[in-house]
Every structure is written in C-alpha cells, then in structure tokens.
Amino acid sequence: MVRHFDFVVVGRGMMGAAAARHLAKTGASVALVGRGEPADWKAHDGVFSSHYDSGRITRTIDHDRDWALLANRSIARYREIEAESGIAFYGETGCLISGPAGSDFVRSVEEVARRYALDAPLLDRTALRAQFPWFALPETSAGVFEAKGAGYVDPRKLVAAQVAAMEKAGGVSVSDDVLAVTDAGDRASVALKSGGSVTGGRVLVATGGFSRAPGLLPRVPSLVVKARTIVLAQLKPEQVAAYSGMPSWIDESADPSDHFYFLPPIVYPDGNTYLKIGGDPTEVAIEDEQAIRDWFRVEGRPEAIVHLKRLLARSLPDLDPVRLVSVPCVTTYTEHGYPYAGFVAGERIALLTGGNGAAAKSSDEIGRIGADFVIRGQLDEPDYETDFAVHFR
C-alpha cells in the first residue's frame, strides 16, 4: 500500500531534516525520506551529503545581512532543538573574523554586528594577539570577535537532533533513496529506489547537489556543485587542554587565495580530537551525480591538501599534531548566492537547496522557510532582501 502524508520531505540532510521538524510540529502528517551516512563511503552506491562532518562554524557576524539573519534566527533555536531531541550539537566557543585593518571586509562585518546589536567588538592586532595567543596574524590585521551565540555546530548531531525531534512530534522517517518526484494531480508521488512510493499533498525536495539528478524533478535547477577539500589535525591529549579556549576563526588577512576558515578542538566519531581547516585556493566544478559519488570516495585534491597544510603551519606555528587527515566535501551554489525555495512545477513539488558554503549554521531557519513555503504555497519573508527564487537550466 502506498503511504500518503500531508507533506513529504526528500533529503535527510541539514535543510531537509530541519524542514521536516518544523512541519511535524504543526501537527501535519510528515515523512522524511532519505538514507543516513553510509558506514563505508568507498562501497556506498547511493547519495552522499556534506553534513558528514563534526564541525561547522556558526556565528551571526557576517559581511552579508541576509546570511547573518538566517544564522541569527537559527542560533536562537539551537538550545530548543537540543532540549526537544536530547542531543547536544552546539559548542559556544565564539567566532573571530579577521582581515586587514580598515578594509571594506572588516567594516562590513562591524556593520552587521551593529545591526543585530551583537557584543562583537573590533580588536586590533595587539588585542588579538593577547586574547588569542595561538594564532599568528599579520601586523596589519584587525578582527571582530563574537563571544556569545557563536562557535561551532556538529552537523551529524544537528541532523540527528532534527530527526529525533521530528519523530517525537509524530513525523515518520523512511530510509530509502528517491528516484523521481512527480505530480500525480491531486498529490505528488515520490518513487523509492527499493520499490513502491510515498505520496504527499506537497513534496519538498532538499537534496543539495543531487537535486540535478536526471529524472529526479520535472525541471532541473541551475546549480553549480564544486569539490572542496578539508584537513583535520589530530591533537595530542595535552594539546586538547592547551587549546580549550580557542574560538572558530575566519581569516581574510592575506592574499585571497590564502583565505581560510578554522575550527577549534572537536571530538570526532573515532574518539579523537581534531582541529579543522578549510579554504581551497581553487574549487573544481563537478558536472554530474556519478562524479559527486566518486569524489566522496577519495581523500581530496593533493594540491589543496598541500595548500591547507601550509596555511595551518603558518597560522598555528606551535602546532605539532599526531597526524593530518584530508577529507572531501562539496559545496552547492545557486545563481543568486542564497538558498532556493520555491515550486519546481505546478503547486505540488517544491525545492529547497543551495547552501553556497554558508548554510550549515543557518540550516534550521532555511528549513523553516521551506516548511512555511509548502504550508502557505508562497513565500512570505519580508525581513530578507533576497527572494529565494529558484532558477532553472
């Protein structure tokens, strides 16, 4: 028998799990369709997700007002989600954003801090060195530091928390891959890889870079998917204690090709504690879904690994890690630089995708926008300057 729900969310990632939780909390019948992280990446034959990680920066301070608001509203609900689910995912370690003193970049971050009345003072190079003695910064650097409501989230645990809260509110998880979403007239049908289907009054597809998969949607969204590489530095036990006060850090002080982001000590699933650095000098576009799968089975680009190791050694000159590990990731970009939220065809099938390298921290608010859209059948988000419109090929 085909199971029918008021709403079906396709994609068990950060946006999809958030949207499903928000929908379930309305009392509607909701199904969240998608498989979790595979135990063996190299042998996995299905889709992947970039939330298979344990550290992503979260903060309101940003040079973009809409992304700042998306983050601010998500952060305000973190503790609520933790309480609903019983799963802790948020580390409030603070976040530092640094760049050349007096630059437009630093001024734009300051402006966002003022706009949202954040306790995020501007620090000169001397103050930065005194407060963050681990970090090596150029003499010309200044930084904005947000101590409260900032730090990092564990994406794996955040998704688990969203799913647990959704199920607690009455939502149903369907562990399966999706082949196609089609309009069946009075409902939308979701064809499952294992056979059969589920249907919904409306279906919200939140499948990241896999949203371009042939046959998945009636229309193919305009997305660019790029391969990215990150490096993890495993810490010795004594280093974990010595680095315990570290914040998350985004630096644009040097040449643009050397811009990077950094996360403080975080315990990963293997039980070890790692620092994380990311910021590829070049991002390589991935043109098809099989290539995305293939990318997740390797350890990143050799050139990016060398580059990130150099930045890590330069920025934390006293670091002496147990080992360095490289990991692949992908980033999905939209045409306007903000998430897509809108109908794909008719008024049954909607799309929510496009993290643009900035969505992990903001995923709960993006999920709320997607949930509200499929409830209302239209966007009603006057506080945002962007319209979240979906663009197609």
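Modeller: Strand 13 (224-234) and strand 18 (323-333) each put at least two residues into the lining of the second largest pocket. Strands here are DSSP runs (E, at least two residues), numbered from the N terminus. Keep in mind it's a predicted model, where local features need pLDDT of at least 70, side-chain atom pairs count only at pLDDT 80 or more, and totals for chains, interfaces and linings use all residues. Residues are numbered from 1 along each chain as its sequence is written, and side-chain values use heavy atoms, with hydrogens and water left out.

Biologist: Which strand gives the most to that lining?
Modeller: Strand 18, with six residues.

Biologist: And what's the volume of the second largest pocket?
Modeller: About 360 Å³. Of its 21 lining residues, R156, L232, Y268, V325 and V327 are the closest to the centre. A pocket is an open set of points on a 1 Å grid over the protein atoms alone, where a 1.4 Å probe fits, with protein on both sides within 12 Å along at least five of seven lines; lining residues have an atom within 4 Å of a point.

Biologist: Is C95 buried or exposed?
Modeller: Buried, at 0% relative accessible area. C329 counts as buried too, at 13%; the cut-offs are under 20% for buried, over 50% for exposed and partly exposed in between, with a 1.4 Å probe and protein chains only.

Definitions and conventions. Grid points are joined across faces, edges and corners, and a volume is the space filled by probe spheres set on the points. Helices (H or I, at least four residues) and strands (E, at least two) are DSSP runs, numbered from the N terminus.
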